[in-house]
Amino acid sequence: MTMNSLPLQRCGLVAVVGAPNAGKSTLVNALVGQKVAIVSPKAQTTRTRLMGVAIDGDNQIMLVDTPGIFEPRRRLDRAMVAAAWGGTQDADLIALVVDAKAGLGPKVESIVEALKDRREPKILILNKVDVANKGKLLVHAQRLTERVAFDEVFMVSAATGDGLPELKTALGMAMPEGPWHFPEDQVSDATDRMLAAEVTREQLYLQLHAELPYDSAVETEKYSEREDGSVEIHQQILVGRTSQRAIILGKGGQRLKEIGSRARAQLGELLGVRVHLYLHVKVNPDWEEDRSLYRDIGLDWVD
């Protein structure tokens, strides 16, 4: 290498697809090295095409974390599935993430069927190997590679980090040569407004579990910087029924205070500034038909 030459850089887009709860968000966060996508035990928590930017040496890997692909029933479901497949457009590589513990169910089968004729290079990632039946891992891999021409198969645990260095290096080397798209210190293309809504929505899932159905959304109504450098955020939590509002509020409003407290602390860490977070809960039976809300949470309207 001459004095004037620069290191060879690679940069490309990896679409991360898989059935709900396969561990895609945990995997993206682990590869990036910090939180960019919300993670919860509840399936279908990722709604938008959040992008994480991972760096491995001179290689920059743009990871599109797509919503879990499932059988859509409602307009919101259809919008999420459209976002998932939209996230694979222009990808240099498609990574199918499969929950190695859960195995190959109908949801995985439908994705495999959709992937088999796509021309993009594809890799298979068997995730959660730390809790999976070791004897079934090779069986899963064989069955899937018989259906789809995967270039490589990786067995990892996004939770423990097992196998991730090798996966990250392979992803980096699979990217096309070219300059980086993002500065080294930028880890996501999600706006701070979207990130704030995602963090609050994650706390809804983590604290309410099965009590709160999937019929909820968080909208960031106001996001502004104060003169002292802190950030002021106003959000409304949308639900379809009065009974759901009562669940979120909790006795004497304590549940909502706890949701706000934890979301505020996490946002403070992510943004690196003091955060003033104000939450209120609004009942709107027709919130799923609000086009502006879809735009705010990063989804396209789907008829």
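1. Ground rules. Residues are numbered from 1 along each chain as its sequence is written, and side-chain values use heavy atoms, with hydrogens and water left out. As this is a predicted model, local features need pLDDT of at least 70 and side-chain atom pairs count only at pLDDT 80 or more, while totals for chains, interfaces and linings use all residues.

2. The overall picture. The protein has nine helices and nine strands; these are DSSP runs numbered from the N terminus, with helices being H or I of at least four residues and strands E of at least two. Of its 303 residues, 50% are buried. Buried means under 20% relative accessible area, exposed means over 50%, and partly exposed is in between, with a 1.4 Å probe and protein chains only. The accessible surface is about 14400 Å², with 49% of that belonging to carbon and sulfur atoms; the areas come from the Shrake-Rupley method with a 1.4 Å probe, and for residues only the protein chains shown count as cover.

3. Contacts along the chain. Take the contacts with a separation of 6 or more: 72% of them are between residues 24 or more positions apart. A contact here means heavy atoms within 4.5 Å.

4. Strand 1. Have a look at residues 10-18: nine of the nine are buried, so strand 1 is largely enclosed by the rest of the structure. Arg10, Gly12, Val14, Val16 and Gly18 point one way, Cys11, Leu13, Ala15 and Val17 the other, and all are buried.

5. Strands count as paired if DSSP finds at least two bridges between them. Strand 4 is also parallel to strand 5, with six bridges, and Asp99 stands opposite Asn127 in strand 5.

6. Strand 5 and what follows. Six of the six residues in strand 5 (residues 122-127) are buried. Lys122, Leu124 and Leu126 are on one side, with Ile123, Ile125 and Asn127 on the other. Next, Lys128 lies in the loop between strand 5 and helix 4 (134-147), and is partly exposed at 23% relative accessibility. Its phi is near 65 degrees, a positive value in a residue other than glycine. Most residues other than glycine have a negative phi.

7. An exposed loop residue. Ala159 sits in the loop between strand 6 (152-155) and helix 5 (164-174), and is exposed at 67% relative accessible area. Ala159 and Asn127 are 32 residues apart in sequence, but 9.0 Å apart in space, C-alpha to C-alpha.

8. Asn59. This one belongs to strand 3 (residues 59-65) and counts as buried at 7% relative accessibility. Leaving aside residues up to four places away in sequence, Asn59 touches Arg10, Ala54, Gly172, Met173 and Trp180.

9. Helices worth a look. In helix 3 (residues 106-115), Val108, Ile111, Val112 and Leu115 are buried. They cover an arc of only 100 degrees around the axis, which puts them on the same side of helix 3; the arc is that of the directions from the helix axis to the C-beta atoms. Further along, Ile247, Ile248 and Leu249 in helix 7 meet Gln254, Arg255, Leu256 and Ile259 in helix 8.
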